[in-house]
Amino acid sequence: MAWTVDDGTSTEVVAAYAAFAAATGTRLTMFVNGIYASWDENAEALRSLVASGQVQLANHTWSHPDLTTLDDASIQAELQRNHDYLAEVYGVDARPYFRPPYGAHDDRVDAAAAAIGYTTPTLWYGSLADSGELPDQQIVDLANEWFASGRIIIGHLNHLPVTRVFDQLTGILEARALTTVTLNDVFISAAHP
Ligand SMILES: [Zn+2]
């Protein structure tokens, strides 16, 4: 199962996910918006996890706009600024994966992104629905509903409740004999080295 987490409006939540990954070996893909201070503030904690490949960083645009409302040059500027940030601070090339904010994309957005190397819009099949704050138990219930083999699950680095139920989420993975993978773990290929 590919456990992906987005945004990073909370430094505390990004820190908790980094600590969780380090403690458990859970493999994660983080769709970063570089505009949030959490990515500078957690760079030390994340850098070795990123360097080892346990945590993959991917592109969620710089400032989280609805890309379908922007012209092509602005779409590319949003992705490129974030790309450059990830290269500079974390030393990674986030291509080819981008996640359009709100899942909003169309053929024009995809073509503009592909022209600068972001050839793979990455959506999800299953959500912890925590872009806004939810009760702890609701996140556990959603994990019970969605965690399964072969799925891309979306969560968010924005609100604390998920950090209080990591043990229960890990328990669901274990009970279902699921292992976690990054996007690169699964999709790397000659076409997308
Ligand atoms: Zn987002």
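Reply: Begin with one idea. A nonpolar core is a set of buried Ala, Val, Leu, Ile, Met, Phe, Trp, Tyr and Cys residues joined through C-beta atoms within 7 Å. Keep in mind that this is a predicted model.

Me: How many residues does the largest nonpolar core have here?

Reply: The largest core holds 41 residues. Among those with the most contacts inside it are Tyr17, Leu28, Met30 and Ala113. Helix α1 gives the most to this core, with five residues.

Me: What does Ala113 touch?

Reply: Set aside residues up to four places away in sequence. Ala113 then touches Ile75, Leu79, Phe98, Tyr118 and Pro121.

Me: Now the whole chain. How many helices and strands does it have?

Reply: The protein chain has eight helices and six strands. Along the sequence the pattern reads β-α-β-α-α-β-α-β-α-β-α-β-α-α.

Me: How do I judge the overall shape?

Reply: Compare the radius of gyration with the value for a compact globule. With 193 residues, such a globule would have a radius near 16 Å, and the protein chain has 16 Å, so the two agree. The C-alpha trace spans about 45 × 35 × 30 Å along its principal axes. Buried residues make up 36% of the 193 residues.

Me: What share of the contacts joins residues at least 24 apart?

Reply: Count contacts in the protein chain between residues at least 6 apart in sequence. Of these, 78% join residues at least 24 apart.

Me: Which way do the side chains of a strand point?

Reply: In a regular strand the side chains alternate between the two faces of the sheet. Now look at β2. Leu28, Met30 and Val32 point one way, and Thr29 and Phe31 point the other way. All of them are buried.

Me: Which strands lie beside β2?

Reply: Look for bridges. Strand β1, residues 2-7, pairs with β2 in the parallel sense over five bridges. Strand β3, residues 55-59, also runs parallel to β2 and is joined to it by five bridges.

Me: Can you name residue partners?

Reply: Take them one by one. Thr4 has Thr29 in β2 as its bridge partner. Val5 has Met30 in β2. On the β3 side, Val32 has Asn59.

Me: What do β1, α1 and β2 make together?

Reply: Follow the path from strand to helix to strand. β1, helix α1 (residues 11-24) and β2 make a right-handed β-α-β unit.

Me: How well covered is β1?

Reply: β1 is mostly covered, with six of its six residues buried. Five bridges join β1 to β6, and the two run parallel. Here Val5 stands opposite Gly155 in β6.

Me: Last, a loop residue. Is Arg27 buried or exposed?

Reply: Count the C-beta atoms around the residue. The cut-off for buried is 20 or more other C-beta atoms within 10 Å. Arg27 has 22, so Arg27 is buried. This residue lies in the loop between α1 and β2.

Me: Which residues is Arg27 in contact with?

Reply: Leave aside neighbours within four places in sequence. Arg27 is in contact with Gln54, Thr180, Val181, Thr182 and Asp185. Arg27 and Thr4 are 23 residues apart in sequence and 9.1 Å apart in space, C-alpha to C-alpha.

Conventions: Residues are numbered from 1 along each chain as its sequence is written. This is a predicted model: local features need pLDDT of at least 70, side-chain atom pairs count only at pLDDT 80 or more; totals for chains, interfaces and linings use all residues. A residue is buried if 20 or more other C-beta atoms lie within 10 Å of its own, exposed if 12 or fewer, and partly exposed in between; C-beta atoms are placed from the backbone. Helices (H or I, at least four residues) and strands (E, at least two) are DSSP runs, numbered from the N terminus. Two strands pair if DSSP finds at least two bridges between them. A crossover is right-handed if, with the strands pointing away from the viewer, the path from the first strand over the helix to the second runs clockwise. Two residues are in contact if their C-beta atoms, placed from the backbone, lie within 7 Å. The radius of gyration is taken over C-alpha atoms; the globule rule is 2.2 Å times the number of residues to the power 0.38.
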